[in-house]
Amino acid sequence: MSRTALRICPLCEATCGLTLTIEGTAVTGARGDRDDVFSRGFICPKGASFGAVDGDPDRLRTPLVRRDGELREATWEEAFDAVAAGLRPVVERYGPNSVGVVLGNPNVHTVAGALYPPILMAGLRTRSVFTASTVDQMPKHVSSGLLFGDALAIPVPDLDHTDHLLLIGANPLESNGSLCTAPDFPGKLKALKARGGTLTVIDPRRTRTARLADRHVAIRPGTDALLLAAMAYVLFEEDLVALGELAQHVQGVEELRAEVGDFTPESVADACDVDADTIRALARELAAAPTAAVYGRIGSCTVPHGTLASWLVDVLNVLTGNLDRPGGALFPQAATDKTPRPAGPGHGFALGRWHSRVSRHPEAKGELPLSALAEEIDTATAEGEPIRALVAVASNPVLSAPDGDRLDKALGSLDLMVSVDPYLNETSRHAHVVLPPPPPSQSPHHDFAFNTLAVRNQVRYTPAAVSLEPGRMAESEILARLILAATGMHGADPAAVDAMVVDQTLGKAVKEPHSPVHGRDPKELAAQLTGVSGPERRLDMMLRLGPYGDGFGVRPDGLTLEKLLAHPHGIDLGPLKSRLPQPLKTVSGKVELLPAPIAGDLPRLREALMHRPDGLVLVGRRHLRSNNSWMHNVPALTGGSNRCTLHIHPQDAERLGVRDGAAVRLKGAGGEVTAPAEVTDAVRPGVVSLPHGWGHDRPGTRLGHAATDPGVNVNQLLDGSLLDPLSGNAVLNGVPIEVSPVSEKITALT
């Protein structure tokens, strides 16, 4: 007998609701949940393939422990014994910073990945923290921190109500959106056009999104900040700046006017390959729209001036009066956000509180650049001990970080490596202990991170659709036991981790004057929590203390876990609303339009006016049926157009003697790779594109399907030396590259 169960999809940032068909313990089908309050039945190919992802036969079912140089199956007890025996001596002998923690993108797609890594890092007291953010979105966190005082206060476009949407470096028809959680992003863009709105796309590739646009501007990669600065110049020059009601919340407008004075459309046109008239038209159209929003993503983050570009996105939203107003860019309010504090000055946001040991990269948001991980392991200095042990949670930096070959060698030198990963992949193959979480059908789901970026306020929770199979361990218990083993409490009850967090959170809440539980007894509050597990009790606590919560009985109609469970398709909390000044945590209590670190980096942008690289430059690309390196082991999500080919414009192909389908050699600062060429006018002349996440050809992995068509690792073309200095983000786009044909033909493209 088959049955159905609801599940929020964890395979990308759109967070669509699914209805799963289940036979026994196997997911045999997935369709969109038409009653889901957020996604309304939308589903993409990844969600439709949920069963294939969930049931991948190459998923590890039991822990692995390295014995006599080989990874062998072990019991959970043996695995955690090995973690405790290997990790604590490193900490005690070499200090906490000798243990590195690297967190991958999948962490934000699970309940446990959101709740437990911060406790692990705090317990280890290590500053050697690296995440996927510094090969992705760290510039947006840094610019938001400097502008608004909070690195997590990221405004998102009000897609359902805006009249004019300008996208730069974003391709949501392929990515489903990023740092902007929006099920059916394609439908929302079509609805924008249907109501008479305008879509403008700035991208060196004619993506699916660009083909939908009213105006597509094929910018030269890496020059996003120059173009945006010139648009700001035009707004000032032509008296188009109109902050409106926003003016009372903003400081630094006149200072900004002076700083962008050098970035005229004429001065940036040659560097951007965008004529001055087009730049002026972009600014005028933005200013003239009744409401408008500028949205930038990975293409504008992973460039030499990524933080400046991210900052300028919001500068344009401010100057046109579109920040924090319906139809513009608004701050979401998630149900699990902290209790809103009264508006007023905060502590602000600081950069560079410590530095990496080898290259002295400044930290950002408590993290060091992932590009620096290899050197922090393999290079000795007088500044302290190198990393000797590494805990990797859902992370594959051998493919996602620059110069994977160097990191591959460095990982092999560690005294101990622990991977929490369902696969034996290019990174986890080096581990001494592998702790595999269960498949997603056997885990509950709530989007802690993505609801803070959602284009509509809502809250949803789905319990596990399938009971844990014998021999499996819940991801929450795996991470709780890892915390205990790493902090000298090996063998303690893993429930103690959740109990500690509840006690600490409630103990702090009752002391906060603005909290709904101010002055109450924390133990009495803890006794009210419901839920069948530690994570559910913590979710209940966060809901009750949050902006829509019941305040532990203070607001009877407020949210609780019980109320959420009674609404399996979710609870709609309404459209995004104006929230300023409450989200601001700057020292001034205002939007600080020209923060000192930004002003200090602008001379570097002025220098870029003088330098235009010769030759080809490289950009990445995404595909609807993929998410970084996660899904290349699922046959239903590979093949067709989701292939590792080099897109090259016909003019460049003819000039270089490159034939469609023939092998080409790519050479960059970090090395060489060979891939089949795909000649297409979807890229502009002077630009080539190779997708991210491939390179599944290293020995010792267990990725059977991915190995049949491994592709090549685009990040091997990078040596890791190119970083955005403010954020530490790797420069992955706009990188000079050499391309030449090779004699053999790799594949024929159809």
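Predicted model: local features only at pLDDT ≥ 70, side-chain atom pairs only at ≥ 80, totals over all residues.
Reader: Let's start with the whole thing. How many helices and strands does the protein have?

Author: There are 26 helices and 26 strands in the protein. Its C-alpha trace covers about 65 × 65 × 60 Å along the principal axes.

Reader: What does the radius of gyration say about a protein with 750 residues?

Author: The idea is to set the value beside the one for a compact globule. With 750 residues, such a globule would come out near 27 Å, and the protein has 25 Å, so the two agree.

Reader: And how much of the protein is buried?

Author: A residue is called buried when its relative accessible area is under 20%. Here, buried residues make up 62% of the 750. As for the surface, the protein exposes about 26,800 Å², and 51% of that comes from carbon and sulfur atoms.

Reader: What share of the contacts joins residues 24 or more positions apart?

Author: Take the contacts with a separation of 6 or more. In the protein, 73% of those are between residues 24 or more positions apart.

Reader: Can we look at one such place? Where is glycine 728 found?

Author: Glycine 728 sits in the loop between α26 (704–708) and β26 (735–741). Its C-alpha is 7.0 Å from that of leucine 368, although 360 residues separate them along the chain. Setting aside neighbours within four places in sequence, glycine 728 contacts Thr134, Pro369 and Leu723.

Reader: Is glycine 728 buried or exposed?

Author: The relative accessible area of glycine 728 is 6%, so this residue is buried. Beyond residues up to four places away in sequence, serine 49 touches Ala636 and Leu637.

Reader: What about threonine 75, then: where is it in the chain?

Author: Look in the loop between β5 (70–73) and α3 (76–94). Threonine 75 has 38% relative accessibility, so it counts as partly exposed. From threonine 75 to methionine 610 is 535 residues in sequence and 61 Å in space, C-alpha to C-alpha.

Reader: How do I check a helix such as α19, going by its span?

Author: Compare its end-to-end reach with what is expected at 1.5 Å a residue. Helix α19 (residues 475–486) has 12 residues and reaches 16 Å from its first C-alpha to its last, close to the expected 16 Å.

Reader: Why is α19 described as largely enclosed?

Author: Count the buried residues: they are 10 of the 12 in α19, so the rest of the structure largely encloses this helix. Among them are Ile478, Leu479, Leu482 and Ile483. After α19 comes glycine 488, with a positive phi near 80°.

Reader: Which residues of α20 are buried?

Author: In α20, those are Val497, Asp498, Val501, Val502, Leu506, Gly507 and Ala509. They pack against α19, along with α5 (117–124), α21 (522–528) and α22 (534–545).

Terms used. Residues numbered from 1 in each chain as written. Heavy atoms only, no water. Helix = DSSP H or I, 4+ residues; strand = E, 2+ residues; numbered from the N terminus. Rg over C-alpha atoms; globule rule 2.2 N^0.38 Å. Buried < 20%, exposed > 50% of the residue type's maximum accessible area, 1.4 Å probe, protein only. Contact = heavy atoms within 4.5 Å. Areas by Shrake-Rupley, 256 points an atom, 1.4 Å probe, with all protein chains shown as cover. Expected span 1.5 Å × (residues − 1).
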